[in-house]
Amino acid sequence: MTDRVLDDGDRPAAARGWRSTAARRGAEVESGLRAAIAPRRPATVWIGLLLVGPMVLAACFPDLIAPYDPFANAGPPLAAPRVPFLFGTDDLGRDLFSGIVAGARTSLLVAAFVTAISVAIGLVVGVTAGFFGGLVDDLLMRLAEFVQVLPRFFIALLVLTLFGASVLNICIVLGLFSWPGLARLTRAETLSHREREYVRAAVAMGGSNAWIMRKHILPQVGRPVMAVAAPVATSAILTEAGLSYLGLSDPNVMSWGKLIQNGQTFFTHGWWLSVMPGLAVVATCLGLALMVEGLRRD
Amino acid sequence: MSRYVAWRLFQIVPMLWAVGTALFVLLHLTPGGPIVALTGEFAGPDTVAAIESRLGLDRPLHEQYVRFLALLARGDLGESYFYKAPVLDVVLSHLPTTLVLVAPALLLAALFGIPMGIFAARGRHVGTGLLVLSLLAFAVPVFWLGHLLRLAFSVELGWFPIHGMVDARADPTGLAYGLDVAHHAALPVLTLTLHQLAFTMLLTRSAMIFERRRPYFVTALMKGNSLWRAESRHALPNGSLSIVTLFANRIGWFMAGALLIEIVYGWPGLGQLANGATRNRDYPLVIGIVLAVTLVTLMANLAADLLYMWIDPRVRPGERRA
């Protein structure tokens, strides 16, 4: 994850000239291969799966896993964690375990949608910039730099305040502002494929630009980019948690940030109320990061 | 050099224009248009009339747009409904309080993170520990970390105050006031520092590992430089481009953390202000805060570019080899 942030695309425009093109291309090819090959640390992948798997199950089948309705009064208020309330109950006697199960769906939904939107934008922008080069490349990369610098969290804060805090709105805003890193990597990958024989052959055969980009370049650059989409997903989860912690979430939808916020009010009465949902966030993000870290080669 | 600085400063103009335009479009896209966006659904006729005349809502759209940009350029963001004062004044009055948390945390993170990153790049055996640390740093929500630290150090151990910026029961002045604020600021600053520290350290480590593999580093060692000197005087300046750039890129994320941490610790800065503003539906104030933070992040990235030019003469235009 940290090596990825040091890709050449992250260096500002003024500094890019001094590294030789050959060296840069070599590094790009290498980084492309690195990300595309099978697991290097299988154990890491398994730990990651172990952490994320239950969350995915909870998100898919909340009714089968959650013992109670997350919004309904299920037991005594502020009961400590023990059977039948695994994670205790909150101030209104709602089962915290059921709340966390319900929150998994929100978090993972946001993560999936944001990642999908930003991967789509990132691939299109990156392939276009890398394929055409020149002015198109310059303009798109300046745009990417600009979007990267904008404070996503605060833009989401503004949009949710103006348009209402729904899960859909969060997904759209974060998706529209999370793509620059992916676009830069895609561009670098595209550059490394641009001059290869098979692309030249396709040009010689009279393939249109759009067709070459779609049929030849996109499949090549897609996989490495997928491998680095994890930071987008984790930061989407963290941002959603932060926003719902601020109260910017759909009141009818359970969310981990909301649970943490509610729990903090009662920190002298029940430590579990804010600790448990926080652990859920950490487990999910850590699991996602571990899976990707294990799939990467460095 | 100075021409380039001027050019870089000039480049911020299209960015500001883009931000202003985006805001204009957003306000007009809001269901109900700018009036609902700025006042909510139940505004009195006076308020509606005031906004109509200020934004010229009866004029053609392009005229509204120009007027809107002109108002923005003058820093006129309207009046906060809750505070009954110009948004700019309210934001500016809360900004220094936030800086009391933000500035020390950023400085501490850089001050400790960079040397730690240099040391971490030396050995392979620290790899696993660092990997776990780095993954944790990207997985722990900062407001939750702050809450845990407070549970441990304020509630259980009682070393630090739980809430606020000054002790409400005492009214210290002078040095005692400063100490009281520092006592209250310790935990929030620690949380923010930890959050940024791991990132800074990993960043420095990656950059240093890259630089250490290059021939000039070996040359520097062969010429008799100590390891520390070769790292800090030769490798670090060369690697500082990515460190400075990405440190600045993260300012937006860091500010989001600062906002949330203020709410956790009841620190009366921009974060608390934003929290109140979203809950009160004080739209002009929310817009003002978001614009202020956007401006800060744009400026931080600009400063990073300029700082980098000062560090590395190679990227100064005009002095670059052909």
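Predicted model: local features only at pLDDT ≥ 70, side-chain atom pairs only at ≥ 80, totals over all residues.

Me: How do you know that the span of helix 8 of chain A agrees with its number of residues?

Reply: Helix 8 of chain A covers residues 180-194, and at 1.5 Å a residue its 15 residues should span 21 Å; the end C-alpha atoms are 20 Å apart, so the two values agree. Just after helix 4 of chain B comes B:G75, which takes a positive phi of about 80 degrees.

Me: Why is B:G44 counted as exposed?

Reply: B:G44 has 9 C-beta neighbours inside 10 Å, and the word exposed applies at 12 or fewer, so B:G44 counts as exposed. Its place is in the loop between helix 2 and helix 3 of chain B, and from C-alpha to C-alpha it lies 53 Å from B:M309, a residue 265 places away in sequence.

Me: Which residues have the most contacts inside the largest nonpolar core?

Reply: That core has 165 residues, and those with the most contacts inside it are A:I100, A:A156, A:L157, A:A289, B:V286, B:I289 and B:V290. The largest share of the core, 18 residues, comes from helix 4 of chain A, which covers residues 96-132.

Me: Why is this core said to lie between two domains of chain B?

Reply: Domain 1 (2-73) and domain 2 (87-315) of chain B both give residues to the core, so it lies between them. One of the core residues with the most contacts, B:I289, is in contact with B:V91, B:L270, B:L273, B:A274 and B:A277, leaving aside its neighbours within four places in sequence.

Me: What makes up the contact between domain 1 and domain 2 of chain B?

Reply: The C-alpha centres of the two domains of chain B lie 32 Å apart, and the contact takes nine residues from domain 1 and nine residues from domain 2. On the side of domain 1, the elements that give two or more residues are helix 1 and helix 2 of chain B, with the largest share, six residues, coming from helix 1. The residues on that side of domain 1 divide into seven nonpolar, one polar and one charged.

Me: What makes up the side of chain B that touches chain A?

Reply: There, 50 residues of chain B are in contact with 50 residues of chain A. Helix 13 of chain B gives the most to this side of chain B, with 10 residues, and the side divides into 33 nonpolar, 13 polar and four charged residues.

Me: How confident is the predictor in chain B and in the complex?

Reply: Chain B averages a pLDDT of 82, and 95% of the residues score at least 70. Among the elements of chain B, helix 6 has the lowest mean pLDDT, 72, whereas helix 9 has the highest, 89. For the complex, the predictor gives an ipTM of 0.83 and a pTM of 0.83.

Terms used: Residues numbered from 1 in each chain as written. Chains lettered and ligands numbered in written order. Contact = placed C-beta atoms within 7 Å. Helix = DSSP H or I, 4+ residues; strand = E, 2+ residues; numbered from the N terminus. Nonpolar A, V, L, I, M, F, W, Y, C, P; charged D, E, K, R; others polar. Core = buried A, V, L, I, M, F, W, Y, C linked by C-beta atoms within 7 Å. Buried ≥ 20, exposed ≤ 12 C-beta atoms within 10 Å, placed from the backbone. Domains from an automatic or database assignment. pLDDT = per-residue confidence, 0-100. Expected span 1.5 Å × (residues − 1).
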